[in-house]
Amino acid sequence: SALRAVVTGASSGIGAATVRRLRAEGWDVVAAARRGDRLAALAAETGAVPVTCDVTSDDDVARLAEVVAAQGAVHALVNNAGGALGLDPVATGSLADWRAMYEVNVLGALRTTQALLPGLRASGRGDVVLLTSTAGHGTYPGGGGYVAAKHAERTIAETLRLELVGEPVRVIEIAPGMVATEEFSLVRFGGDAARAAATYAGVDGPLTADDVADAIAWCLTRPHHVNIDSMVIRPRAQASNT
Ligand code: NJP
C-alpha cells in the first residue's frame, strides 16, 4: 500500500508544491492549512485529503491527528506552515509579531509533531520534516523574530533527531533561501508579486516552490537508514542569510 504524508501549510507555496510532488510520486497525502477553499481546489486537482487546520490550535491539531489515524498508517509529516509576519529590528520589533511567529513556526511545528509522532513510530517508517530557513543558519539586521523563531525550530529538529536515535523515525531539516512564493513577495515586495518576479527574473532568480518540493521528496525517498539531517538550499545569487 502507498506511503502516507501529512503536509501543513499546504494551501500555497512550498506546501502546495510538496503535495503535488508527493501525489505524483504515488503517496497518499493529507493536506492541512487554514484556507479551506484553497485546500478544496488542491484536493480536487491532486486527490489529497483536505483538512482545515490552524497549527496554533490544540483542537485543530488534535482533529488533524484523528483524521490521519482514520486514514491508516502515516509515514511522513512535513511541518511547513510558517512564515515571517513582520521584520523589524530587535530594538523596536513588536512583541505581538514575535509571539505570532513563535506560535506558528515553533510551537505550531512542535504541537503537530507531538500529535503525529505516535503514528509515525507505529508505522515503522516515519519521517518528520521541518521547513526552517537560511535565516535559521545565521542572522541579519532586521530579521528579528523570524530569525529567532527559525533558529528555535532548527534546534527542535536537532534535539528530536538525537532523542529518536534507535527508533524508526528520521528528522530532516530543510532550510531554503529565497523562494518565489506569496510570503516572499509579501515580505520583500509588499505583496506585489509582479514586481517580485520581475526583480528576480532570469537565471539569478529565487528558488521556486517546486525546487524546494524536489528537495523534500528526495530526502523522503532515500533508503530509510539514510537520514539527511539538514539541507540548505539557496538560489545561486543569494550570498547572505536574508
Ligand atoms: O509561504 P506561503 P512559503 N496554521 O505563504 C500556512 C519557509 N520559508 O511556501 O493557513 C496552518 O506561500 C499558509 O496557509 P493558510 C516559511 O517560513 C520560506 O514560502 O491557508 N497553516 C500557507 O499555506 C514557511 O515555514 C521562504 O494561510 C498556516 C503556508 O503556511 C515555509 O517555508 C524562505 C498557518 C505558507 O505558505 C513555507 O512558506 C525561507 C497556521 N497558523 C523559508 N499560518 C521564502 N518563501 O522565501 C500559515 O527561508 N500557514
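**Exercise 1.** Which residues point one way from β1, and which point the other way?

*Solution.* Keep in mind that this is a predicted model. Start with the strand itself: β1 covers residues 4-8, and five of its five residues are buried. Now sort them by direction. Arg4, Val6 and Thr8 go one way, while Ala5 and Val7 go the other. Both groups are buried.

**Exercise 2.** Find the strands that pair with β1, and say how they run.

*Solution.* Take β2 (residues 28-33) to begin with: five bridges join β1 to β2, and the two run parallel. In this pairing, Arg4 sits opposite Asp28. To get from β1 to β2, the chain passes through helix α1 (residues 13-24), making a right-handed β-α-β crossover. Next comes β4 (residues 76-79), which is linked to β1 by three bridges and also runs parallel to β1. Here Val7 faces Val78 across the pair.

**Exercise 3.** Work out how the buried residues of α3 are arranged around its axis.

*Solution.* Helix α3 spans residues 58-71. List its buried residues: Val61, Leu64, Ala65 and Val68. Look down the axis, and these buried residues fall within an arc of 100 degrees, so they line one face of α3. Finally, ask what the buried residues touch: they pack against β1, β2, β3 (49-52) and α4 (95-122).

Notes:
Residues are numbered from 1 along each chain as its sequence is written. This is a predicted model: local features need pLDDT of at least 70, side-chain atom pairs count only at pLDDT 80 or more; totals for chains, interfaces and linings use all residues. A residue is buried if 20 or more other C-beta atoms lie within 10 Å of its own, exposed if 12 or fewer, and partly exposed in between; C-beta atoms are placed from the backbone. Helices (H or I, at least four residues) and strands (E, at least two) are DSSP runs, numbered from the N terminus. Two strands pair if DSSP finds at least two bridges between them. A crossover is right-handed if, with the strands pointing away from the viewer, the path from the first strand over the helix to the second runs clockwise. The expected span of a helix is 1.5 Å times one less than its number of residues. The arc is that of the directions from the helix axis to the C-beta atoms. Two residues are in contact if their C-beta atoms, placed from the backbone, lie within 7 Å.
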